Amino acid sequence: MRVFLLFLTVCGGLLAPWPAMAQAPIPPASVVRFNTLCATCHEGECSARLSFRLDPGATDSHIRRYTGDISLQAARQLNALLEHMKLNCGYYAIDLPSPKDGRWRAELLQQLHAAEEKAYFVPLGTVSAGRQRFTLTFEREAVVSVQLVSAKFEITEQPLVQTQGGQAVVVLEAEKPGEYYLRLHTEQPARLLALEKEALP
């Protein structure tokens, strides 16, 4: 009996996720950076399970090839986000409210900015099917790529949009209602001051 209990304890430890990282809330800054850098290669790589688990040191090295010299804690957070995406076939929730009036202001957008990647990842909440108009206001002229991404990793894109007077208007279509995100990449650093979303008839 004691041998059987020892067997269950050992197996349970092998099958359980890394508790310290898997259960601790991951800050929005790490989630946004993952979704603007790592997710673009790993979206859709999910099967509701992990077929293997690399040694943490190996994953740290892989992550730092793309992010540069980041802290151990930040590297482990990005690895935990990759595990979440693979296991749940979805994005990790960003603990920030989406404005009900469809207008994101600079203070909120700053928390959704991955400055290292010159990118933003904005949770839009529930979006109706059909055409959506996005008005982007930057602090300076910018060339920006805009993606409307569904929770199931379906992507509609408008690449290389040039602002006029610091502003760009992009219309993208949501094929079905559901949870959506807006992912922006600018060619040069440019702070996003405002974002407005409007459903078109």
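Glu139 is partly exposed at 38% relative accessibility; this class lies between buried (under 20% relative accessible area) and exposed (over 50%), computed with a 1.4 Å probe on protein chains only. Glu139 forms a salt bridge with Arg140, with the closest N and O atoms 3.5 Å apart. A salt bridge here is a side-chain nitrogen of Lys or Arg within 4 Å of a carboxyl oxygen of Asp or Glu. Arg140 is partly exposed too, at 45%. The model is predicted: local features need pLDDT of at least 70, side-chain atom pairs count only at pLDDT 80 or more, and totals for chains, interfaces and linings use all residues. Residues are numbered from 1 along each chain as its sequence is written, and side-chain values use heavy atoms, without hydrogens and water.

The whole structure holds seven salt bridges. One of them joins Glu117 and Arg33 at 2.8 Å, N to O. Helices (H or I, at least four residues) and strands (E, at least two) are DSSP runs, numbered from the N terminus. Glu117 is buried, at 15% relative accessible area. Arg33 is also buried, at 12%.

The largest nonpolar core has 46 residues. Such a core is a set of buried Ala, Val, Leu, Ile, Met, Phe, Trp, Tyr and Cys residues joined through side-chain atoms within 4.5 Å. Helix H3 (residues 28-42) gives the largest share, six residues. Leu195 is among the residues with the most contacts inside the core.
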